[in-house]
Amino acid sequence: MQTEIIISGFGGQGALFAGQLLAYTGLDNGMHVTWFPSYGPEMRGGTAHCVVIISDDEIGAPIVKNPAAVIVMNIPSLDKYESLVRQGGVLVVNSSLVDRNPKRDDIQVVLIPANEIAEELGNQRLANLVLLGALLERLDVLSIEQVGEGLKGHIPAHRRNLLEANIEALIRGAELSKEQLEPA
Amino acid sequence: MAKELLKGNVAFAEAAVRAGCEAYYGYPITPQTEALEHMAKRMPELGRVFLQAESEVAAINMVYGAACAGVRVMSSSSSPGVSLMMEGLSYIAGSEVPVVLVDIMRGGPGLGNIAPSQGDYNQIVKGGGHGDYRIITLAPATIQEIIDLTYEAFDIAEKYRAIVVILADGSIGQMMEPAELPPMQEVRKREDRAEWSLTGAKGRDPRVITSIYIDPAEEEVFNLHLVEKQKKIEANEVRFSSLLLEDAEIAIVAYGTAGRIAQSSVKQARDEGIKVGLLRPISLYPFPYDEIGKVADQVKRILVVEMSGGQMLDDVRLAVNGKVPVDFYGRMGGMVPLPDEVFEQIQELNQKANA
């Protein structure tokens with residue numbers, strides 16, 4: 001089985017790191033992975049994205065037209081990727097920064113106010129992992145626990161003080177995602 | 001050793017370090033700059049030479065000088081930067097010193113853009129700078145392959161006293177994939193440098209490395225020597241990989257990133273029962289003419305896929321020699337063909353093949 005995930009947002013929102021974390025975790029768990037970034041001036045402010053492919057078989061193309069899942073962290077990303085999510089796929093939207101609802105009704109849409117939650121957790125920059133947690137809840141590819149372990153192994157040394165907060169962000173995102181799935 | 005998640009540019013740079021590369025000269029250009037960054041950190045750490053030159057012209061001439069001294073030396077760049085190196089490459093070829101160069105191709109011509117492209121096949125594979133010579137050209141499709149080929153490139157360059165270019169596109173430079181790095185080789189000791197190298201003539205007769213042969217008759221002798229060397233390269237260094245060709249009715253020929261994209265399309269088409277296979281040239285010079293010729297004896301049609309307007313296409317046509325129709329699908333300007341696009345081409349070809 002192969003799962004393609006696109007994570008897209010403003011440069012600095014952590015889209016590329018969230019994707020790398022998935023790739024590292026996939027590798028740590030014996031899967032084939034590729035991580036393919038946008039590498040232009042977007043990295044310094046525009047909309048940056050990465051394509052992560054996780055597979056139990058050798059991966060051919062490192063890019064994809066219709067991904068199984070997309071995380072959009074801002075409006076330009078939603079505009080670009082909403083129509084591309086594969087039928088039956090997952091679209092996680094950072095509703096803190098996106099003020100319109102997706103139109104698709106043939107995919108799972110998860111709306112997460114990631115910036116507000118990140119702020120509650122004490123750091124705006126945790127929004128990427130809140131959204132990642134929300135996605136993992138809906139995808140049968142890697143568990144929150146596995147990605148938490150991946151984070152322990154691969155968080156840069158100068159961010160190690162944020163490890164617990166990052167794991168908390170993953171869990172909060174997953175919880176919210178689950179709540180939306182099963183309304184109380 | 002365990003697999004690590006490595007970015008292509010960092011991976012080939014570290015592979016070169018481990019191959020005992022003693023000196024790196026270069027100039028930053030996207031999409032290969034991470035290689036320069038890695039070398040800037042690693043080479044001084046190991047007591048080796050890293051130098052960011054004032055331009056690609058300077059860098060390749062520094063490479064030329066170091067190669068004359070018999071040390072393992074390399075540079076890397078991307079399309080416009082490599083264009084600037086052409087004169088130097090020709091002098092290096094004319095001097096028969098071993099050099100490794102990595103070219104992470106981007107969209108062109110001109111300044112173009114930084115997106116992945118295969119538009120420089122003709123430039124590198126058909127010779128580079130002026131004069132009668134060939135560049136051994138190796139085209140990786142994965143991060144593991146760019147590591148393995150770069151590591152081996154130094155041996156190949158020294159074996160033939162020739163230039164080896166690793167020709168990849170921006171996506172291989174930029175993507176991350178799990179791969180394993182080879183063991184570390186120490187740099188060559190001074191006393192172990194080649195018998196032709198310029199190491200200081202104290203106590204022995206001076207050696208001369210030059211590309212000047214004023215007398216045309218002498219130049220021709222040198223040219224004939226290069227031709228003889230090319231025959232050996234063509235006999236020994238052809239590399240390719242093949243996928244599902246045994247019973248194929250349609251064959252795709254594609255290299256590098258286009259090759260791995262085609263691999264996805266082949267699997268998709270096989271699921272639909274279409275008998276299609278893939279031949280992926282790894283050495284572009286020497287080109288797998290004979291192997292593609294054999295495939296042409298067996299299949300009904302051949303599809304060439306490139307991230308160019310059709311450059312390797314000419315070599316495939318030479319190999320096929322009119323035996324079967326050769327079709328082409330390419331994207332240009334930094335656009336990368338999607339597996340679905342190639343799959344549609346296969347479907348179309350399958351209808352033609354069985355019409």
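Visitor: What should I know before I start?

Guide: Residues are numbered from 1 along each chain as its sequence is written, and chains are lettered from A and ligands numbered from 1 in the order in which they are written. The model is predicted, with local features needing pLDDT of at least 70 and side-chain atom pairs counting only at pLDDT 80 or more, while totals for chains, interfaces and linings use all residues.

Visitor: Into which domains is chain B divided?

Guide: Domain bounds come from an automatic or database domain assignment. In chain B, domain 1 covers 4–201 + 213–236 and domain 2 covers 240–353. Between the C-alpha centres of domain 1 of chain B and domain 2 of chain B there are 28 Å.

Visitor: How many residues does each domain of chain B give to the contact?

Guide: Two residues are in contact if their C-beta atoms, placed from the backbone, lie within 7 Å. Domain 1 of chain B gives 27 residues and domain 2 of chain B gives 22 residues. Helices (H or I, at least four residues) and strands (E, at least two) are DSSP runs, numbered from the N terminus. Among the elements of chain B that supply at least two residues each to the domain 1 side are helix H8 (170–174) and helix H9 (216–236). Ala, Val, Leu, Ile, Met, Phe, Trp, Tyr, Cys and Pro count as nonpolar, Asp, Glu, Lys and Arg as charged, and the others, Gly among them, as polar. On that reading, the side of domain 1 of chain B that touches domain 2 of chain B has 14 nonpolar, nine polar and four charged residues.

Visitor: How many residues of chain A and chain B are in contact?

Guide: The contact involves 16 residues of chain A and 20 residues of chain B. In chain A, helix H1 (15–28) and strand E2 (32–37) each supply at least two residues of the side that touches chain B. E2(A) gives the most, with five residues. That side of chain A divides into eleven nonpolar, four polar and one charged.

Visitor: Which residues touch the most other members of the largest nonpolar core?

Guide: A residue is buried if 20 or more other C-beta atoms lie within 10 Å of its own, exposed if 12 or fewer, and partly exposed in between; C-beta atoms are placed from the backbone. A nonpolar core is a set of buried Ala, Val, Leu, Ile, Met, Phe, Trp, Tyr and Cys residues joined through C-beta atoms within 7 Å. The largest has 169 residues, and A:Val130, A:Leu131, B:Val63 and B:Ile163 touch the most other members. Domain 1 and domain 2 of chain B each contribute at least three residues to this core. Leaving aside neighbours within four places in sequence, the contacts of B:Ile163 include B:Leu89, B:Ile92 and B:Ala93. B:Leu89, B:Ile92 and B:Ala93 are among the buried residues of helix H5 (residues 86–95) of chain B.

Visitor: Why does B:Lys7 count as buried?

Guide: B:Lys7 counts as buried because it has 23 C-beta neighbours inside 10 Å. B:Lys7 is placed in strand E1 (residues 4–7) of chain B. Beyond four places in sequence, B:Lys7 is in contact with B:Glu34, B:Gln174 and B:Met176.

Visitor: In what order do the strands of the open sheet in chain B run?

Guide: Two strands pair if DSSP finds at least two bridges between them. The order of the five strands in chain B is E9-E11-E10-E13-E14, with mixed pairing. Strand E9 (240–243) and strand E14 (326–330) of chain B are the edges, each pairing on one side only. Strand E10 (residues 250–253) and strand E11 (residues 276–281) of chain B run parallel, joined by four bridges. One residue pair there is B:Ile250 opposite B:Val276 in E11(B).

Visitor: Is strand E4 of chain B mostly covered or mostly open?

Guide: Strand E4 (residues 73–77) of chain B is mostly covered, with five of its five residues buried. From E4(B), B:Val73, B:Ser75 and B:Ser77 point one way, and B:Met74 and B:Ser76 the other way. Strand E2 (residues 23–26) of chain B pairs with E4(B) in the parallel sense over two bridges, and B:Tyr24 has B:Met74 as its bridge partner in E4(B). E4(B) also runs parallel to strand E5 (residues 99–105) of chain B, joined by four bridges. There the bridge partner of B:Met74 is B:Val100.
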